[in-house]
Amino acid sequence: MVTWINCFEVPDGQQDQFFAVWRKMAVEHFKTKPGFVNYRMYRARNPEGRFQFVNVTVWESAEHIEAAHDERFRELLRNPEIADVVASPGMFDPVDEG
């Protein structure tokens, strides 16, 4: 299993709009892809925080993650409603658990 974590910087006042677009991408794209296990989206309680949303998605492998970021995904990213959002994604492996 591989964990994909993506932290999003969302301009003030665009949080609900961003989440609606992201949710559509998650349901219509990622959840349909081979190797998808599950996801959890977090929203900051502090509206002044740098990252307003953090997504944690579990995939069966790094290859599944790479395959899911296909041309359809890139097309969805071209949505002007999320043009000002800055994403900081990456793959992570657990190193400790409590």
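Two aromatic rings, of Phe, Tyr or Trp, are called a pair here if their centres lie within 6.5 Å. With that in hand, we can go through the structure above, which is a predicted model.

Strands of a sheet pair through backbone hydrogen bonds, and the pairing is either parallel or antiparallel. In this model there is an open sheet of four strands, in the order 2-3-1-4, and its pairing is antiparallel. Which strands are at the edges? Strand 2 and strand 4, each of which pairs on one side only. Ignoring direction, neighbouring strands of the sheet are turned against each other by 15° on average.

Now follow strand 3 for a moment. On one hand, strand 3 pairs with strand 2 in the antiparallel sense, over seven bridges. On the other, strand 3 pairs with strand 1, again antiparallel and over seven bridges. Some of the contacts can be picked out by name. Met-41 stands opposite Asn-55 of strand 3, and Arg-43 stands opposite Phe-53 of strand 3. Trp-4 has Thr-57 of strand 3 as its bridge partner. Is strand 3 enclosed or open? Five of its seven residues are buried, so strand 3 is largely enclosed by the rest of the structure.

Next, the rings. A pair of aromatic rings is described by two things, the distance of the centres and the angle of the planes. How many aromatic pairs does the structure hold? Nine. One of them is Phe-19 with Trp-22, a stacked pair, at 6.3 Å centre to centre and with 15° between the planes. Stacked applies because planes under 30 degrees apart count as stacked. Both residues sit in helix 1, and because they are three residues apart there, about one helical turn separates them. Their surroundings can be described too. Phe-19 has 31% relative accessibility, so Phe-19 counts as partly exposed. Trp-22 has 8%, so Trp-22 counts as buried.

Phe-19 and Phe-53 form a stacked pair, with 6.1 Å between the centres and 5° between the planes. This pair links distant parts of the chain, since Phe-19 is in helix 1 and Phe-53 is in strand 3, 34 residues apart. At 2% relative accessibility, Phe-53 counts as buried.

Stepping back, ring pairs link a set of residues into a cluster. Phe-19, Trp-22 and Phe-53 belong to that cluster, and among the other members are Phe-8, Phe-36, Tyr-39, Trp-59 and Phe-73.

Now the empty space. Rolling a probe the size of a water molecule over the atoms shows where empty space is left. The largest pocket has a volume of about 370 Å³. Which residues lie nearest its centre? Of the 21 lining residues, they are Asn-6, Phe-8, Met-25, Phe-73 and Leu-77. Phe-8 and Phe-73 are also in the ring cluster.

The lining draws on several elements. Strand 1, helix 1, strand 2, strand 3, helix 3 and strand 4 each supply at least two residues. Helix 1 gives the most, with five residues.

Cys-7 has its place in strand 1. Cys-7 counts as buried, because its relative accessibility is 18% and buried means under 20%. Cys-7 and Asn-46 are 39 residues apart along the chain, and their C-alpha atoms are separated by 15 Å.

Val-10 lies in the loop between strand 1 and helix 1. Is Val-10 buried or exposed? Buried, with a relative accessible area of 9%. From Val-10 to Phe-73 is 63 residues in sequence and 19 Å in space, C-alpha to C-alpha.

Lys-33 is in the loop between helix 1 and strand 2. Its relative accessible area is 23%, and Lys-33 is partly exposed. Lys-33 and Trp-59 are 26 residues apart in sequence and 9.8 Å apart in space, C-alpha to C-alpha. Trp-59 is another member of the ring cluster.

That is the tour.

Methods: Residues numbered from 1 in each chain as written. Predicted model: local features only at pLDDT ≥ 70, side-chain atom pairs only at ≥ 80, totals over all residues. Heavy atoms only, no water. 1 Å grid on protein atoms, 1.4 Å probe; cavity = no way out; pocket = protein on both sides within 12 Å on 5 of 7 lines; lining within 4 Å. Points joined across faces, edges and corners; volume = space filled by probe spheres on them. Phe/Tyr/Trp six-rings, centres within 6.5 Å; stacked < 30°, edge-to-face > 60°. Buried < 20%, exposed > 50% of the residue type's maximum accessible area, 1.4 Å probe, protein only. Pairing = 2+ DSSP bridges. Axes fitted to C-alpha atoms, helices over the stretch in contact; angles between N-to-C directions.
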